[in-house]
Protein chains: 4
Amino acid sequence: MANLGFIGLGTMGGQIVDVLLCKGHSVTGYNRTRSKAQWLIDKGMRWANSPRDVAAAADVTFAMVTNSDALTAIMEGAEGVLGGLGRGKSFVDMSTVSPTVSRAFARRVREKGADMLDAPVSGSVVTLQQGKLSVIAAGGRESFERVKPILEDIGSKVTYIGDNGLALVLKIALNLNLAVQMMAFSEGVLLAEKSGISRDTVVEVFTHSAVASPMLQYRGPFVLQQPEKAWFDVNMMQKDMLLAMQLSRELNVPLPTGSVSNEFLTAARAMGMARLDFACVFDVLAQLSGKSSQ
Amino acid sequence: MANLGFIGLGTMGGQIVDVLLCKGHSVTGYNRTRSKAQWLIDKGMRWANSPRDVAAAADVTFAMVTNSDALTAIMEGAEGVLGGLGRGKSFVDMSTVSPTVSRAFARRVREKGADMLDAPVSGSVVTLQQGKLSVIAAGGRESFERVKPILEDIGSKVTYIGDNGLALVLKIALNLNLAVQMMAFSEGVLLAEKSGISRDTVVEVFTHSAVASPMLQYRGPFVLQQPEKAWFDVNMMQKDMLLAMQLSRELNVPLPTGSVSNEFLTAARAMGMARLDFACVFDVLAQLSGKSSQ
Amino acid sequence: MANLGFIGLGTMGGQIVDVLLCKGHSVTGYNRTRSKAQWLIDKGMRWANSPRDVAAAADVTFAMVTNSDALTAIMEGAEGVLGGLGRGKSFVDMSTVSPTVSRAFARRVREKGADMLDAPVSGSVVTLQQGKLSVIAAGGRESFERVKPILEDIGSKVTYIGDNGLALVLKIALNLNLAVQMMAFSEGVLLAEKSGISRDTVVEVFTHSAVASPMLQYRGPFVLQQPEKAWFDVNMMQKDMLLAMQLSRELNVPLPTGSVSNEFLTAARAMGMARLDFACVFDVLAQLSGKSSQ
Amino acid sequence: MANLGFIGLGTMGGQIVDVLLCKGHSVTGYNRTRSKAQWLIDKGMRWANSPRDVAAAADVTFAMVTNSDALTAIMEGAEGVLGGLGRGKSFVDMSTVSPTVSRAFARRVREKGADMLDAPVSGSVVTLQQGKLSVIAAGGRESFERVKPILEDIGSKVTYIGDNGLALVLKIALNLNLAVQMMAFSEGVLLAEKSGISRDTVVEVFTHSAVASPMLQYRGPFVLQQPEKAWFDVNMMQKDMLLAMQLSRELNVPLPTGSVSNEFLTAARAMGMARLDFACVFDVLAQLSGKSSQ
């Protein structure tokens, strides 16, 4: 069993650490707010006082933070991950951040003699708990082979994508599809509902149909009732859409349905729904249909 | 076992009759081109010379034809279904046609003392053969209960939706999602491919991800290679999009991603791809990305 | 001076008759509601009891009605225009209707020995009164030359387009631009207003800028205050958008900004604004921006 | 007559200096490439060796450069404008740059005891030469009043908008409309052309219609033939669209037609047309319509 580190113990990060502990790994963790990590410490996770200490203590350090700025915050400075890395160590970033930012850190990690992978996950806490999380990883092939067994403890399907940054590109491309699928779903549900079918029935049929992606299976019912706490809120979804838009312009790939969907995320924020699960694009469209929501 | 009729023995219709015969039902069939039905006759299907004769011979007559015009063609006239229906008989239309047209026929069927259900299927021939086809049905509740056992022989999940026409509305809403999901998928695949990931890898990851609907699982690989024969061509897909657009205006539901996707089906036709599987919206977008396709 | 007929004395039709009377023409008129025509009768217009009587009395009969159905209503039947037409007469339809419907009537008019032009106008009542209305006409070249002097009495710029129906196509293409320009204007105004510039100032600058089309010059201020009576309401605008959508599919021309704009007309109807001037797409977008309108 | 400075003597900047010289002003100029300024030196413009020298020599210094980076380049450093400014001087930036960047420089200019206006122009070289250029300006009201007479020598209509940055916001909102109007125009032209009307006739009618903005009047004919040198190329247009997108997200204003149009600028770049006048979105759409362009 490996000597692991984990920085960023939010909903998803915390659950992954839980899984890693269950599989018998030793894990040293750090989170900006320590109290949120208490349940993991109770389960045997060792606490470190800084990202640097995590990286110093572990052979393989994982991170899962909110965005490029948060990644920069844990990497740099006296207390940063870069200060704790050294020859033979691996750093695996599971955050969804800008591929450009990630590649720049990969270079700095290499200068320390260590190596870095970007390994974002596709799926939700539910998928993780079902053992069906999909992990995609990019970076040096050898580094990948070294950490692959650990990644397989996290997700049932682990795929090597290629050079640094490419797993992030793929993750961003996937998330673009989340937003569009949710919009199209909203259009379909409203069409059927305004025809006279109950919203429950419509959601039931959709989530058992040819268009029922795993995401629609768990998020579709959110148009009946928003979850108590957003699984992935509008701000987070739009952050990823903006990464997609940026790639779109760097690579010259038009995103017709992606850009239209992004406008509805903007509308959701304008209408005060920034912190709701992004399933609330349904409510934006409902309003445009003269229909009150939920 | 029931005494059934079936009109329209194309790819999907033919396969359904095959399933019904396997389950032990007696089936009388009719198709505009008799030769295409020979394999079913060889398996025990009785042949009738007209839609009217099918309806006259059967207790429950099914139809699966291309569009509203084709439905009208088999229903009306001296040789039409309406002429063969009578008290106690049921007519189950599995075609995707205009709900308005379907409701009008339902009224005329009732005048004959018979009753009609609209019962479109969601899924492909593959789904049917896996026994996982989803059937949604609308019309009188009693009529539904009467034919339900037969519908369950066709699909594993049979759902009653409500009054005549509503199953069609739901089917149209689902098909709208097919088109949009395929567009978003194309945007994501091109973004990843132009970043340097091979198209194969991208498709592989997508079809095992949170956005992998059953449809994307079977149609996604078509961006690597179009099938020899379109599963659902651009013309058919756009026919259903136009039904969605019509509902959109009758019910005042805006369809932002639906309408944008529809423009790419129009482009596909302009670029000579009307008879290809509608997965070719990928090729339209590839061209807009300065990328040759396949 | 010519012996003219005019059917459809609504806002625009009535003003045109007024202009024709001022120029010294003899005009026989008909309107579904006679009371609306009294002011023209007072100015010397002769009243006829049916479209047929107008066509029988006049050498050149004009029509300006709401849509394809209204055109059909005045053309057919015992009291219809077709019954009053005969050798040497001309029929000039200024309505915006389906080119297909118009071409069909052109054939039937020719069978009567008469000829037909489609001659829709581009501009508003204000443009007409300024003598700057633009008229485009299609049909036989000789028929056009015959009525050209009368068309020049209506608009300052008269252009011959080609065969029957083509002037309508061009008019529909122009009206498509009305809807999109109004949407883009709304986006720009809201962007500037939410930055802190007063809506008045924004409208003032826009209506004196490089994007200030004649339409935006008169309709732009409607986002400050809707006119008492819609100049062109959402229903009428969407009717023309649907004609554009129909052409789009017949000719395989994708309409990306047109179709997106059409969704906002649908939203306007859903939100109860069907009878407001279509400038109210601004209000739909304002709502999506979390901004109350007017 | 005033003692003026001008930095950035490209097509538009150069023409403005020419106008200012004609009106009798004394102008000191600077351009990265001196040779492009020779014609103005020949007409009496004094040459300075750096932006700093211009600002030191002039009472009012104007700048017109390509983007935020170019503005930063002429402002900062030992040779930058900031080094030459001092009490009582004015700096007027006519470039289209990020309002945020502009506001930051306005603060630094104020620290020098000078003041800054953002004063972008709306219109083309042609509009300038016709004396019909529209100038919008933002910053301190007093600073505006001081330079207003000079701005009036440049454009016939000078409007004060409000605090620093707001003229830029308005300019960006206007340019958003340029892109969308050009897309809608392309859709309309292709619809009419594929119906059988010659492209010349269509352009002629459009440029004399209710949708004929000044921009469409000069740019519309570019779909018949691209100008030898782009008036405003795809790269520049998209730069301004990205400024609009950024404002859209900061202010939460959805831009449905703006974002769709932006995707076609991306496509134009993907198809190798980055340096053509952005009228080439027509060619992108023509290709989607199965129509060869020009």
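User: How many residues of chain C are in contact with chain D?

Analyst: Please bear in mind that this is a predicted model. In it, 61 residues of chain C are in contact with 61 residues of chain D.

User: Which elements give two or more residues to the side of chain C that touches chain D?

Analyst: There are strands and helices among them. The strands are strand 8 (134–138) and strand 9 (157–162) of chain C. The helices of chain C are helix 9 (166–195), helix 10 (199–206), helix 11 (214–219), helix 12 (234–251), helix 13 (256–270) and helix 14 (281–288). Helix 9 of chain C provides the largest share, 20 residues. By class, this side of chain C divides into 36 nonpolar, 22 polar and three charged residues.

User: How are chains C and D related to each other?

Analyst: Chain C is superposed on chain D by a rotation of 180° with 0.0 Å of shift along its axis, and the RMSD is 0.0 Å. The two copies are therefore related as by a two-fold rotation axis.

User: Which residue of chain C comes closest to the rotation axis?

Analyst: That residue is C:Ser213, whose C-alpha lies at 1.8 Å from the axis.

User: Through which surface do the copies meet?

Analyst: They meet through the same surface, because 100% of the interface residues of chain C are also interface residues in chain D.

User: Let us turn to the other pair. How many residues of chain B are in contact with chain A?

Analyst: Here 62 residues of chain B are in contact with 60 residues of chain A. On the side of chain B that touches chain A, the largest share, 20 residues, comes from helix 9 of chain B. The residues of that side comprise 37 nonpolar, 22 polar and three charged.

User: How is the packing of two helices described?

Analyst: The general idea is to give the angle between the two axes and the distance between them. In this structure, the axes of helix 13 (residues 256–270) of chain A and helix 9 (residues 166–195) of chain B come within 7 Å and cross at roughly 105°. Angles of 65 to 115 degrees count as roughly perpendicular, so helix 13 of chain A is roughly perpendicular to helix 9 of chain B.

User: Which residues make that contact?

Analyst: Helix 13 of chain A contributes A:Pro256, A:Thr257 and A:Gly258, while helix 9 of chain B contributes B:Val180, B:Met183, B:Ala184 and B:Glu187. By class, the contact has four nonpolar, two polar and one charged residues.

Definitions and conventions
Residues are numbered from 1 along each chain as its sequence is written. Chains are lettered from A and ligands numbered from 1 in the order in which they are written. This is a predicted model: local features need pLDDT of at least 70, side-chain atom pairs count only at pLDDT 80 or more; totals for chains, interfaces and linings use all residues. Axes are lines fitted to C-alpha atoms, for helices over the stretch in contact, and angles run from 0 to 180 degrees between N-to-C directions. Helices (H or I, at least four residues) and strands (E, at least two) are DSSP runs, numbered from the N terminus. Angles under 35 degrees count as roughly parallel, over 145 as roughly antiparallel, 65 to 115 as roughly perpendicular and the rest as oblique. Two residues are in contact if their C-beta atoms, placed from the backbone, lie within 7 Å. Ala, Val, Leu, Ile, Met, Phe, Trp, Tyr, Cys and Pro count as nonpolar, Asp, Glu, Lys and Arg as charged, and the others, Gly among them, as polar. Copies are superposed by least squares on the C-alpha atoms of residues with pLDDT of at least 70 in both.
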